Amino acid sequence: MSPLNFALLVVLALSGFFTVILILMHSGKGTGVSDMIASSMYNSTAGSGVWEKNLDRLTIIMALIFGLCICVMALTFPLGVI
């Protein structure tokens, strides 16, 4: 395995982990894990719109990095020896 593939595996694992964490941090409809996590991070009267907007941007960036890593790995990962 080349160093590029090893680095991509590390970035893929980290971006996947952070994507899941960021998705869970989004505030939902008031129930579930996302509400419990989000309610402890900010209160609803203190600029939650800016927090949600930044959280949306970070989630999209992490998801794009995750998808890009998968695409590059699909093209460069060794297929093995027959």
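Tutor: The model is predicted, with local features needing pLDDT of at least 70, side-chain atom pairs pLDDT 80 or more, and totals for chains, interfaces and linings using all residues. Residues are numbered from 1 along each chain as its sequence is written, and side-chain values use heavy atoms, without hydrogens or water.

Student: What makes Cys69 buried?

Tutor: Buried means under 20% relative accessible area, exposed over 50%, partly exposed in between (1.4 Å probe, protein chains only). Cys69 has 6%, so Cys69 is buried.

Student: Why is Leu14 called partly exposed?

Tutor: Its relative accessible area is 47%, so Leu14 falls between the cut-offs of 20% and 50%. Leu14 is found in helix H1. Helices are DSSP runs (H or I, at least four residues), numbered from the N terminus.

Student: Which residues of H1 are buried?

Tutor: Asn5, Leu8, Leu12, Ser15, Gly16, Thr19, Leu22 and Met25.

Student: How do you know that the reach of H1 is close to the expected one?

Tutor: The expected span is 1.5 Å times one less than the number of residues. H1, residues 3-25, has 23 residues and reaches 33 Å from first C-alpha to last, close to the 33 Å expected.

Definitions and conventions: Helix = DSSP H or I, 4+ residues; strand = E, 2+ residues; numbered from the N terminus.
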